[in-house]
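The stops below go one at a time.

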Amino acid sequence: MKDIRIVIVDDSAFSIAFIRNILDNNGFEVVGDAGSLEEVKAVVKDKKPTLVTMDMTLPGTDGLECTRAIHEIDENIKVIVISSMMDDEIVNEAKKNKVSAYLQKPIDADELVSTINRVMASDELYQFLEDEYVAVFKEALMDGLNKMTKTLLTYKSEYATDEQHESAGMTIIIGIIGKFSGRMLVDLSKETANNIATSIFKRETKSNDELMSALGEFSNIIAGNACSILNRKNKALGLRLAPPSILSGDSVLISAPTFKTTSAIAETSFGELLLNVGFKRGAEEWM
Amino acid sequence: MDVKHINPFIESFTNVMPELGFSSAQIGNLISKDKEVMSSGVVVIVGIVGALRGNVAYSIDIESAKQIASTMMCDSVDEFDDNAMSAISELTNMLTAHAATAFSNIGIIIDISTPTMLQGENVSIKMSSDQVLCVQLLADDIPIEINISFEN
């Protein structure tokens, strides 16, 4: 695991020393501490920690206000609350404020160390997925098309999707579920869909139903192969697929999701095809 | 498809809607449809895996979607803009997540994917199983359709 730089936020010198001692003894780098909102902002901007331990009761502020201030500076910084107060209501409030874990004082060394490791492992795993998935899905589409139709494709562009776009006619959606959830979406014109299905069947499709089944299965194979490759690269991802849903209609608009997705436009011998994939960092497991 | 798999969605709807500011949450008709579902307005697809595998397609006409977003945001929504879309997307996410919890209470463990939202007229939705159960629900008399399809 890469170096983890930690800032300790607490208004008690004893608690700071106690937590610092545990972290020092377990190979973590304590880069600073703070006891007020202003100190928190200053030390986070200055030291750029990967993780902050956060007391809940602080003079003139509280742990949640400080957490929000930290995430305004950098939303990727993990916050673990260490507080003597712990009840359902405050834990729920902490979750809403994107706290990664909640520990009650007095804490013991093993509990803190394992919690930090789990919080950081989840972050690293997401980063791994983020780095890998675009290439893996593009490759799976290329391979799938090649195996099923003996043709090649070229990708002409790739971009992050942050606004809605109009469907070319037919959209296949496959939900992906595992350590992180997401979706794969394939969008193409009915003509392109028909050309692909005709090539797979080596004859004209008999009905719209057959056409949709073919494209559903085509997309399912691509998503299945891509997720298998990702799962092989890192078992902890545990990605599984929901069955495909196939939508078609007049001037259908596909909304941009609330999380980042990437689109790639593939030029095939059958026409243009849009591949869009993304995973939500979102609701990480609560620890 | 087992009709008892509808109950968690109904339970979720009757629990979640009042929390979002709706004063009534009523259950309308239960209709069995074949694979293809027609819809106009907003469609949100959420995938399901685990002890059950399938999809849920929420279908709401645009006017109703705007009214729902208005209630959720405590603000009148004239255009189905990004904020309104985000509210509807979050609503379907909450409804499916609460249904998943209700399923787990009867020993059926499922996980849900992120929602995908589309809008259009005369949208045909082909779902995974041969039978789709459609529950018509009303939140303060605003109609929402939940189409549920599980593989056998």
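This tour starts at the contact between the chains and then visits some backbone details.

**Stop 1: the two chains.** Bear in mind that this is a predicted model. Colour chain A and chain B separately. Select the contact residues: 32 in chain A touch 29 in chain B. The size of an interface is often given as the accessible area lost when the parts come together. Here the area buried between chain A and chain B is about 2500 Å². Carbon and sulfur atoms give 56% of that area.

Which residues of chain A lose the most area to chain B? Select A:Ile177, A:Pro243 and A:Leu247. Together they make up 22% of what the chain A side buries.

**Stop 2: the salt bridge.** Show side chains for A:Arg240 and B:Asp111. They meet in a salt bridge, 3.1 Å from N to O. The count between chain A and chain B is one salt bridge.

**Stop 3: the chain A side, element by element.** Select these parts of chain A in turn.

Which element gives the largest share? It is E13(A), with 10 residues. Colour the chain A side by residue type. It divides into 15 nonpolar, 12 polar and five charged residues.

Stop 4: Go back to A:Leu247, one of the residues from the first stop. Its bridge partner in E4(B) is B:Ile125.

Stop 5: Phi of A:Ser251 is near 35°, a positive value in a residue other than glycine.

**Stop 6: A:Lys98.** Move to the loop between helix H4 (88-96) and E7 of chain A, where A:Lys98 sits. A:Lys98 is not a glycine, yet has a positive phi of about 65°. Is A:Lys98 buried or exposed? A:Lys98 is exposed, with a relative accessible area of 61%.

**Stop 7: a cis peptide bond.** Last, select A:Lys105 and A:Pro106. The peptide bond joining them is cis, with omega about 0°. A:Pro106 lies in the loop between strand E7 (101-104) and helix H5 (109-149) of chain A.

Terms used
Residues are numbered from 1 along each chain as its sequence is written. Chains are lettered from A and ligands numbered from 1 in the order in which they are written. This is a predicted model: local features need pLDDT of at least 70, side-chain atom pairs count only at pLDDT 80 or more; totals for chains, interfaces and linings use all residues. Side-chain values use heavy atoms; hydrogens and water are left out. Contact means heavy atoms within 4.5 Å. Buried area is the accessible area (1.4 Å probe) that two parts lose on being put together, summed over both. A salt bridge is a side-chain nitrogen of Lys or Arg within 4 Å of a carboxyl oxygen of Asp or Glu. Helices (H or I, at least four residues) and strands (E, at least two) are DSSP runs, numbered from the N terminus. Ala, Val, Leu, Ile, Met, Phe, Trp, Tyr, Cys and Pro count as nonpolar, Asp, Glu, Lys and Arg as charged, and the others, Gly among them, as polar. Two strands pair if DSSP finds at least two bridges between them. Buried means under 20% relative accessible area, exposed over 50%, partly exposed in between (1.4 Å probe, protein chains only).
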